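Good morning, and thank you for coming. I would ask you to look at the structure on the screen while I speak.

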There are 2 protein chains.
Amino acid sequence: MNSGGGINETHDSGLRSWVAGAHDAKTDFPLQNLPLGVFRRRATREWRLGTRLGETIVDIAAMCSLELLPDAGSDARLLSAPTLNPLMAAGQSAWQRLRASLSLALRDAGIAAERARAHSSDILVPVVDAELRIAADIGDYTDFYASIHHATNVGAMFRPDNPLLPNYRWVPIGYHGRASSIVISGTPVRRPRGQTAPATGSDRPQFGPTGRLDYEAELGFFVGSANTLGARIPIETAPMHLFGACLLNDWSARDIQAWEYQPLGPFLAKNFASTLSPWIITWEALAPFRTAAMQRAEGDPAPLPYLFSAEDQRSGALNVDVTVELRSAGMRQRGEPPARLSQSNAAGLYWTPAQMLTHHASNGCNLRPGDLLGSGTISGASKESQGCLLELTNRGALPVQLPGNETRAFLEDGDEVVMRARCTAPGFVTIGFGECRGIIDPAGEP
Amino acid sequence: MNSGGGINETHDSGLRSWVAGAHDAKTDFPLQNLPLGVFRRRATREWRLGTRLGETIVDIAAMCSLELLPDAGSDARLLSAPTLNPLMAAGQSAWQRLRASLSLALRDAGIAAERARAHSSDILVPVVDAELRIAADIGDYTDFYASIHHATNVGAMFRPDNPLLPNYRWVPIGYHGRASSIVISGTPVRRPRGQTAPATGSDRPQFGPTGRLDYEAELGFFVGSANTLGARIPIETAPMHLFGACLLNDWSARDIQAWEYQPLGPFLAKNFASTLSPWIITWEALAPFRTAAMQRAEGDPAPLPYLFSAEDQRSGALNVDVTVELRSAGMRQRGEPPARLSQSNAAGLYWTPAQMLTHHASNGCNLRPGDLLGSGTISGASKESQGCLLELTNRGALPVQLPGNETRAFLEDGDEVVMRARCTAPGFVTIGFGECRGIIDPAGEP
């Protein structure tokens, strides 16, 4: 079994970078992280691969052309592309060469580091001087539903007598989402219009701006290596196909969803926008934070054989803490900081990323480099760990309290939602995912 | 209102082409059709735009570089691309210029035609000497559910007490499908494996090859012009965004579908393969075959205002006859011709293509050039017009009879499904869509 890159020298907690600020106390991006993204310097046109240390972007394409990446010499074509797709397609050994090379060139000692440091003005770009975009061309986006707490809570609202359907404990439930409307953190989200069920006393549905706009806190998993159409991916090798993870806000219009979703699932309630954090945390960077699959409850079945491997059960889940904050227009005006709405952990998902990937390809469906799998809303067992307003407010019935006497049943215009994620493990340096941020714009002209 | 190109000189039934066989009695591809596709000459690598007359492909890229397209001189970049996406993105006037130019250069008289004919060896390729692929990069694929007969028949199987859900008559129901597994006509389809519900007396689902493999006869509609994320597409201008149509076989595994589809819709039951016919029949070519939207039944509501335009009601549906034939391995061995399973017509769909497109973008979802919309299974009111085996066999209970004493409840290995479509209208030359063909390969190694 190949777990997708185990713990190695690049994870050593003793490593420090020569890049200023890389090890500031609160940064998500120390040398042990080395996330991948696509950026351009402001007022230039060329999109380039980069990594991030503290508040600094390191230009990977420039490092490559300056021959500052000791082991990645043969990968120049991959590393000078304007998206991550070629690197993703190249497979795990190319990913490992890049990480190893970046770690050597950006640490505070050694020949490779000295050479890189001598070129610091060529390769370093302050985050504030750069623009970021979605790092990969996403061919297909699939959203799963892997939190049994979320599925149970939502199911109870739509089907009080039958909250968790009989398939849930056997099938990693997922559905296809929309790739075209995936946007990068910071992109405003326009409140969508849509059809909603007839009001009491009416026999006609309405069409207008959603009154129940929500967020969903998820992780996104990027596919690296492809499988051929018709060929499956065994659970044992699934981690080799996983390139990295990011934050995903699966914006949802609950009133549209309730009216449209039978019998073929959510459609316009979701596809008006999905927001991604810009930095992909590689599967290798996440190695120290892999943990046992969720302990199933008494009476829950074991996964079917095609979804079971001892290693996946032992270390296939991700110990990633996900927080959601909200800041309203009023809070910004009053100078108040964002208010935390929830904190949950991806280790509590009922299905591991490898199980989702293996299930997805179990019928021969071909996954391509750059395809995105969403985890589904990451909710835990407690109220404070519910990853969307639908759950937190019990379908709007119990609004959450914000500072300044504001309350929220669902999102209002001007609300900004900020998601963050961090990974901690004893003996390892904490790494983070950065932010996934989006503000609600009014619906605008009819 | 712009209906996406009305009837004009290119539709004139008197036109004849100089290309041999273009007006053979049974061809789908007379000069009045001029479908668009992407082909390459066998044993060459370069994919090129082409059109088709009879059994001959006409190389549009070669015509362009030889300056044989009188009005398309400024479109060289679009016409020499290896996919239709640049042409799709260029908008309706570019599409009209191309059709007008092809019609002039390929008819049996005139200066443009004489010049083209002088280059016939450079621009003509027999169909048998060429290979075809999907003509556009499909960013997102959406499948609708626009036949009320299909929705009612299927609904009655899954929900006998509640066959047609309350939203159906108001919402053009659709869901996102899988773009990666869309294949060209002629590609074998491997029988998928998947989870199916526990058998009677068991408490565990099974995992194995589907026993209820089905086809679905649909039309696919290609999006041409894009809309910006957040901007809607009014029903009045929707036809300007529609580039063309093809046949679509939405292969379905009914046992996998029944177990997985709640609550988020079909997923692995569908995404193992969807087959397209290679030639895109342009929206302009279909102008003579536009017809009134389906007459709604007494008591059915009028479409909501955003889905209503007088012109769409008057002429927004497509009068396209769709047939399905099946030929088993045994029938091939015995030299028997394919057996017709059904014949239906897209004019009987409850929603028009413009309504589907406008609904899709009604929340601001951005549609991109090359995106594909499926109509959903095209079934009519009669038994003979049911577009999938699930309906024809009443969920497998009443197998259909094939020649040679064979019967089919669902598809068996070696079965080949062939869909065809034709358009007829008084005073106009009949045009067709060609074939959408696929044969079932065994599931293979576990």
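First, the conventions. This is a predicted model, in which local features need pLDDT of at least 70 and side-chain atom pairs count only at pLDDT 80 or more, while totals for chains, interfaces and linings use all residues. Residues are numbered from 1 along each chain as its sequence is written, chains are lettered from A and ligands numbered from 1 in the order in which they are written, and side-chain values use heavy atoms, with hydrogens and water left out.

Let us begin with the interface. In chain B, 59 residues are in contact with 59 residues of chain A, contact meaning heavy atoms within 4.5 Å. The buried area between the two chains is about 5,500 Å², and carbon and sulfur atoms give 60% of that area. Buried area here is the accessible area (1.4 Å probe) that two parts lose on being put together, summed over both. Of the area that chain B buries against chain A, 14% comes from Arg178(B), Leu264(B) and Phe267(B), more than from any other three residues.

How many salt bridges cross this interface? The rule finds 4 between chain B and chain A, a salt bridge being a side-chain nitrogen of Lys or Arg within 4 Å of a carboxyl oxygen of Asp or Glu. One such pair is Arg178(A) with Asp371(B), at 2.7 Å from N to O.

I now turn to Arg178(B). This residue lies in the loop between β7 and β8 (182-184) of chain B; helices (H or I, at least four residues) and strands (E, at least two) are DSSP runs, numbered from the N terminus. Is Arg178(B) buried or exposed? Its relative accessibility is 2%, and therefore it counts as buried, that is, under 20% relative accessible area, whereas exposed is over 50% and partly exposed lies in between (1.4 Å probe, protein chains only). Leaving aside neighbours within four places in sequence, Arg178(B) is in contact with several residues of chain A, including Asp140(A), His176(A) and Asp371(A), and with Tyr141(B) and Asn271(B) in chain B.

Finally, consider α12(B). Why is this helix largely enclosed by the rest of the structure? It is so because 8 of its 8 residues are buried. Among them are Pro353(B), Met356(B) and His360(B).

Thank you for your attention.
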